[in-house]
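The structure is shown first, and the description follows.

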Amino acid sequence: MNLVERVLLPSLIFTFLLFARCAHCALITLSIAGAVSSLGYYAYEKYKCQYQECCTDEYIPADLDGLEYIFAANLYGQQIAHVTIINAFRCHLENQNPSKALVMSFHGTPGTGKNYVAQMIAKTFYKKGVESNYFYFFNGRNDFPLQQKVDEYKDDLYKIILNALQKCERSMFVFDEVDKMPEDLLNVLVPFLDYKDYHKSIKSGFTYQNKAVFIFLSNTGSTQIVQHLTNVWMAGKGREDTKLQDFEKLIVEGAFREKGGFHYSDTIQTSVIDHYVPFLPLEEIHVRKCLKKVFKDRDITPTEEMVEEVLSHVTFGPEPYNLYSMAGCKRIEQKVATIVYRKQTESKLDLSES
Ligand SMILES: Nc1ncnc2c1ncn2[C@@H]1O[C@H](COP(=O)(O)OP(=O)(O)OP(=O)(O)O)[C@@H](O)[C@H]1O
Ligand SMILES: [Mg+2]
């Protein structure tokens with residue numbers, strides 16, 4: 001039975017009967033008003049999604065082919081992350097009734113693409129990308145700055161997640177700078193991340209399936225990642241010879257021991273994080289790709305001199321081998337912008353002098 005049959009028809013029949021007997025005109029007016037409002041409600045329910053975002057396939061296309069394409073074209077040096085993330089999403093989305101929410105944790109040195117990838121995911125998952133009402137972004141440093149307020153934050157966070165899942169079970173939650181969060185805060189998430197056939201909120205009584213996605217971003221485990229990659233290089237191999245399993249254990253141990261949101265955290269101890277994704281430090285070859293892309297986006301073909309100038313601002317480390325860019329591809333855009341601006345100003349001056 002659809003909404004017309006359930007609500008509208010009984011209202012109309014009721015109105016008709018009242019008219020037929022016509023005992024009290026006030027009642028007639030009331031019933032007409034009831035029928036009209038039922039009709040309005042029906043029309044609103046039927047057409048609202050044409051004008052506003054709804055928790056439907058149309059607004060949540062979860063376009064994994066698109067994501068894979070974007071990774072292949074724009075993400076440099078992160079083959080393990082690329083494959084791990086795509087496979088994780090494919091498995092999660094293929095299952096109509098997943099046994100738990102998808103939980104991934106991205107680890108790596110600065111500027112290696114953790115936020116960049118989170119944005120790409122949001123862009124291909126939701127029609128409205130990061131602007132979607134179902135995409136939630138928390139920053140450890142800004143949103144949860146004080147250790148002494150951790151209980152308050154826990155209450156707030158619990159309510160936010162519960163409300164979000166009530167609105168749409170296919171919500172996505174990204175927690176950035178987890179290492180800057182108060183210890184113990186993330187433990188409040190464990191019930192949302194854990195294995196369950198379905199979840200039922202005791203307070204609100206509503207049930208929801210495990211369709212949500214949780215992503216944590218942090219620099220924890222970076223030292224271990226860099227050290228392992230350096231060892232691989234010293235053994236005469238490259239990053240393409242590494243695999244996820246080489247890093248997972250190292251990351252878990254590093255994250256668990258380092259100060260911040262994962263420090264002795266239940267999220268790690270209870271094994272609710274499905275994938276620890278390493279973001280490897282970027283080498284010069286990757287930084288060159290990053291800066292060339294930035295020039296290309298500005299429709300500029302850089303001279304070798306311009307490329308070298310940008311590179312001269314990049315610090316490579318750690319000592320003594322200096323294999324990796326310490327800030328990855330961070331700030332490359334700003335360096336390119338400065339050089340382009342200077343070149344344009346110089347050429348304008350040359351023109352005015354000649
Ligand atoms: N692997 C990469 N491939 C292509 N571009 C990259 C890559 N990593 C970083 N970038 C570029 O550098 C910018 C900064 O990267 P991003 O903010 O994702 O770093 P991060 O890993 O989150 O660093 P942090 O740990 O400091 O937060 C991105 O917006 C992107 O333009
Ligand atoms: Mg970041």
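The model is a predicted one.

**Helix 14**

By the exposure criterion, the face of helix 14 turned away from its buried side carries the exposed residues Gln 334, Ala 337, Tyr 341, Arg 342, Gln 344, Thr 345, Lys 348, Leu 349, Ser 352 and Glu 353. The buried residues of this helix are Ile 332, Val 336 and Ile 339. Viewed down the axis of helix 14, these buried residues fall within an arc of 65 degrees, so they line one face of the helix. Their packing partners are helix 12 (284–297) and helix 13 (304–311). Helix 14 covers residues 332–353, and at 1.5 Å a residue its 22 residues should span 32 Å; the end C-alpha atoms are 32 Å apart, which agrees with that expectation.

**Helix 10**

Helix 10 (residues 244–257) has 14 residues. From its first C-alpha to its last it reaches 20 Å, close to the 20 Å expected at 1.5 Å a residue. Its buried residues are Phe 247, Ile 251, Val 252, Gly 254 and Ala 255. The elements against which the buried residues of helix 10 pack are strand 1 (102–108), strand 6 (213–218), helix 9 (222–234), helix 11 (266–269) and strand 7 (275–279).

Which residues come nearest to ligand 1? Of the 19 residues around the ligand, they are Pro 110, Gly 113, Lys 114, Tyr 116 and Cys 329. The shell divides into seven nonpolar, 10 polar and two charged residues. Helix 5 (residues 114–125) supplies the largest share of the shell, three residues. Domain 2 (64–279) and domain 3 (284–353) each contribute at least three residues to the shell around ligand 1.

**Backbone features**

Most residues other than glycine have a negative phi, and most peptide bonds are trans. The table lists the departures from this pattern that are described here.

| Site | Feature | Angle |
|---|---|---|
| Gly 317 and Pro 318 | cis peptide bond | omega about -15 degrees |
| Glu 319 and Pro 320 | cis peptide bond | omega about 0 degrees |
| Ala 62 | positive phi | phi about 45 degrees |
| Asp 299 | positive phi | phi about 60 degrees |

Pro 318 lies in the loop between strand 8 (316–317) and strand 9 (324–325). Pro 320 is likewise placed in the loop between strand 8 and strand 9.

Ala 62, which is not a glycine, is located in the loop between helix 2 (25–51) and helix 3 (64–74). Ala 62 counts as partly exposed because it has 17 C-beta neighbours inside 10 Å. Asp 299, also not a glycine, sits in the loop between helix 12 and helix 13. With 6 other C-beta atoms within 10 Å, Asp 299 is exposed.

**Glu 68**

Glu 68 is found in helix 3. Is Glu 68 buried, exposed or partly exposed? With 17 C-beta neighbours inside 10 Å, Glu 68 counts as partly exposed. Glu 68 and Gln 50 stand 18 residues apart along the chain, and their C-alpha atoms are separated by 28 Å.

Definitions and conventions
Residues numbered from 1 in each chain as written. Chains lettered and ligands numbered in written order. Predicted model: local features only at pLDDT ≥ 70, side-chain atom pairs only at ≥ 80, totals over all residues. Helix = DSSP H or I, 4+ residues; strand = E, 2+ residues; numbered from the N terminus. Expected span 1.5 Å × (residues − 1). Buried ≥ 20, exposed ≤ 12 C-beta atoms within 10 Å, placed from the backbone. Arc of directions from axis to C-beta. Contact = placed C-beta atoms within 7 Å. Near = placed C-beta within 6 Å. Nonpolar A, V, L, I, M, F, W, Y, C, P; charged D, E, K, R; others polar. Domains from an automatic or database assignment.
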